[in-house]
Amino acid sequence: MTSTPNLTDAIHRQQIRAKALDLGFDDIGFATAQRLNDDEPRLQKWLLNGANAEMAYMANHFEKRVDPRLLVDGACTIVSLLSSYKPAVESNNPDNFKIARYAWGHDYHEVIREKLNELFNYIRDHHYPDLQGRAFVDSAPVLERAWAARAGLGWMGKNTCLIHPKLGSYVFISELIINMPLTGNSSLVNNHCGSCSRCIDACPTQAITPGFVDARKCISYWTIEHKGEIDPSITQNLNNWIFGCDICQEVCPWNRKTPPSKEPSFSPQPQLLQMNKSDWEELSEDSFRIIFKKSAVKRTKYIGLMRNIRANTNQK
Ligand code: SF4
Ligand code: SF4
């Protein structure tokens, strides 16, 4: 393995950072690949409690999830990257259903993967010819928020979102796990939640206890991940959400003054903001395919989205 002299380590990081920002990422941090000893008990408790609901995949690959060296051969560094998706415009039509902001634009998996691949190639071509590793964007057993916090990009709020001091929590987290040794971040960002409990108080289904979200009560889980009918205890609290839920982020003071995303692909599709509830209720499968062709909403499939619309309508 090629060694990275300490003298140039800072320069490597500086240049990789500049390239990442140039590619459109909003922030980047570095962490040393190691076992996540502090986060392991939290994940274990969440799983033992059954708070992963029917997301059995969250219990798979536990060892790889807490130790990225088991996921990627020769892993030395986690390069953690943030991309803001905060929309520049908001929907203010009271006669519309709601979709979580992260899904308003082009599917983030596709947009970010392309940038990650470019960054990987840049590091290999300009910094480390023997580079090996993998790119991840919400695609494998990686504790993304824990790594972003370790890389000095923010803290984990009581609603379990990563909160970046300048970008807030409307951010996508992605990583390169690579064999290039780079010095990791040495100090964590302080947790600034303090005595605030807005997210806990605002959650309509009481899914949040500090640092713990119970998927069995979370609208986001029920409208995206769950198959079959939605539990009546949830339907009466859907509050017009038909794909995901942003309530615990909407109330967070750290999202109040953050700048909108610079990534044009994450801009909301105009149709989504203009639709009325009756348009949604009458949505055909063909229109669903066209509107959500490049959107993360296609994850629910037509049948899931219509189930969510019905669940909202039937509670009236
Ligand atoms: S996403 Fe919605 S339902 Fe889930 S924890 Fe946040 S406020 Fe509660
Ligand atoms: S709403 Fe308050 S408690 Fe919740 S994550 Fe934001 S700052 Fe922390």
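**Reading two ligand shells**

Tutor: Start with the shell around ligand 2, which holds 7 nonpolar, 2 polar and 2 charged residues. Keep in mind that this is a predicted model.

Student: Which residues are around ligand 2?

Tutor: A residue belongs there if one of its heavy atoms lies within 4 Å. Here the list runs Gly157, Lys158, Asn159, Ile163, Cys193, Cys196, Arg198, Cys199, Cys252, Pro253 and Trp254.

Student: Which domains supply the shell around ligand 2?

Tutor: Domain 1 (7-93 + 104-178) and domain 2 (198-314) each give at least three residues.

Student: How does the shell around ligand 1 divide by class?

Tutor: It has 9 nonpolar residues, 1 polar and no charged. Cys counts as nonpolar in this scheme. The residues are Cys203, Thr205, Ala207, Ile208, Val213, Cys218, Ile219, Cys245, Ile247 and Cys248.

Student: Where does UniProt place the feature "binding site"?

Tutor: The unreviewed entry puts it at Cys203, Cys218, Cys245 and Cys248. These positions spread over 46 residues of sequence, yet they cluster in space, with a largest C-alpha distance of 10.6 Å.

Student: Is Cys218 buried or exposed?

Tutor: Buried means under 20% relative accessible area. Cys218 is at 19%, so it counts as buried. Cys203 is buried too, at 11%.

Student: Where do Cys203 and Cys218 lie?

Tutor: Both sit in loops. Cys203 falls between α6 (198-202) and β8 (208-209). Cys218 falls between β9 (212-213) and α7 (219-225).

Student: What is Cys218 in contact with, leaving aside neighbours within four places in sequence?

Tutor: Thr205, Ala207 and Val213.

Note on methods. Residues are numbered from 1 along each chain as its sequence is written. Chains are lettered from A and ligands numbered from 1 in the order in which they are written. This is a predicted model: local features need pLDDT of at least 70, side-chain atom pairs count only at pLDDT 80 or more; totals for chains, interfaces and linings use all residues. Side-chain values use heavy atoms; hydrogens and water are left out. Domain bounds come from an automatic or database domain assignment. UniProt positions are given in the numbering used here, feature names are shortened, and annotations may be inferred rather than shown by experiment. Helices (H or I, at least four residues) and strands (E, at least two) are DSSP runs, numbered from the N terminus. Buried means under 20% relative accessible area, exposed over 50%, partly exposed in between (1.4 Å probe, protein chains only). Contact means heavy atoms within 4.5 Å.
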